[in-house]
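Hi everyone, thanks for coming. I'd like to walk you through one model today, so please have a look at it with me.

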Amino acid sequence: MKRRDFVVGAAGAGTALSLFPSGLEGLERENGPGGLERRVLGRTGEKLSVIGFGGIVVMDATTEQAAARVRAAIDAGVNYFDVAPSYGNAEDMLGPALEPHRKGVFLACKTQGRTKEAATRELDSSLRKMRTDHFDLYQHHAVTTKADVLKILGPGGAMEAFEAAKKAGKARFLGFSAHSVEAATALLDGYPFDTILFPVNYGTWYAGSFGPQVLAKAREKGMGILCLKAMAKGPWPEGATKTHAKCWYEPLDTPENAAMGLRFTLSHPVTAAIPPGDEVLFAMALKLAAGFQPLAPAEVEAMKTKGLAATPLFRYPSKEA
C-alpha cells in the first residue's frame, strides 16, 4: 500500500553551506515497489524512483546480461532510466533490453550536440537505437562552459532542435546536465527547463563549494532535480590502480561509505540519484536505497567533517567555465 509523505523541514534551501540539511520540505514522496521511494520530478508531476539506472551499467554487456540487469532493476522498483550516445555501446544494449518494459518507465537521453543540426542527428539516432518513438526527457549533456551555453541558446543552436522535438512529440520534457556552477546558472537563467542533472556530493558540496547555489536556484524555479556522483569519493589518486573500469573517479565502494554518500545526496530536496555505471556498485546502491532514511543531525555533522577533508571532483569557481 502506497503512502504519501509530505515532509516538513526547515525553511527552503539557500545558498549557504550551513543551510544543509534544508529538509525535504514540499517534496512529494511515496513508497514504491521493493521499498524504493519515489519522488515527484518538479513541476512535471512525474514520480521517479530515487535510484536511476544509468546506461553505462549495460555498456559492454552481453545481450543476456543487459536484459537481466534491466529486469533486476525494474523488479527492485526502478522506473527511471538514463542513457547517452557517449556511453560506448550503451544505447545498443539498453534499447533491446528495455523495449519490453518501455511503457512502464521514464526514459531520459542526452546529447552533446551544441548546434541544431548535431542535436537533431543525435536525437534521431538515439531514438532508433533505443527502439522508442519518444524520450520522456531529453537533455543537453555535460555543459561546462559559458561558450557552450551561448552556442546552445543562440541562433542555430541545439535549443532549436529541442523545441522542435517537443513540438513533434519526440521529447516530453527538456533539461540539461552541467559540470560547472557557471554553466548551470547560465542555463537556468537562459531557458525555462523542466529538469537539471547535476553533481550533488558531500565532497564537492563542502570542499568544493559546489552545488548549494545551483540547487537553490533550481528549487526556486520548481524544476526537477536529478543527481550525479552521490557515490564518488574523489579523483583517482595519482598512480592508483583503478579497481572499477567504468568509473572515471574513485567511487565509494564499501556498503557503509556508499550508504552515507547516497543518504547525503537524497537528504536534499532532489528527486533521484544515478549511481556509478559499475554493475556491482549499481546493485549495491539499489539495496542501500531501499528503506531510505534522511541523515540525522549527528550524521550531517560527520559528513560535513568528512566532506571538508575530501578532494572534490568539481569546484566553484571553475577554471574551465
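Before we get to the helix I picked, one definition: the expected span of a helix is 1.5 Å times one less than its number of residues. Keep in mind that this is a predicted model.

So, helix H3, residues 116-129. It has 14 residues and reaches 20 Å from its first C-alpha to its last, close to the 20 Å expected. Which residues of H3 are buried? They are Ala 118, Ala 119, Leu 123, Ser 125, Ser 126 and Leu 127. The cover over them includes helices H2 (90-98) and H5 (158-167), along with strands S7 (106-111) and S8 (135-143). After H3 comes Arg 131, with a positive phi near 55°.

Now over to strand S6, residues 80-83, where we find Asp 82. Is Asp 82 buried or exposed? Its relative accessibility is 2%, and buried means under 20%, so Asp 82 counts as buried. Its side chain makes a polar contact with the side chain of Lys 110, at 2.3 Å. Beyond its sequence neighbours up to four places away, Asp 82 also touches others, including Phe 53, Tyr 87, Gln 139 and Ile 274.

Last stop, the nonpolar cores. The largest has 92 residues, and among those with the most contacts inside it are Phe 53, Phe 81 and Phe 176. Helix H10, residues 279-289, gives this core its largest share, 6 residues. Leaving aside neighbours within four places in sequence, Phe 176 is in contact with residues including His 140, Leu 187, Phe 193 and Met 223. There is also a second, separate core of 12 residues, which includes Leu 41, Leu 48, Phe 106 and Leu 226.

Thanks, and I'm happy to chat!

Terms used
Residues numbered from 1 in each chain as written. Predicted model: local features only at pLDDT ≥ 70, side-chain atom pairs only at ≥ 80, totals over all residues. Heavy atoms only, no water. Helix = DSSP H or I, 4+ residues; strand = E, 2+ residues; numbered from the N terminus. Buried < 20%, exposed > 50% of the residue type's maximum accessible area, 1.4 Å probe, protein only. Polar contact = N/O pair within 3.5 Å; in protein donor to acceptor, adjacent residues only side chain to side chain. Contact = heavy atoms within 4.5 Å. Core = buried A, V, L, I, M, F, W, Y, C linked by side-chain atoms within 4.5 Å.
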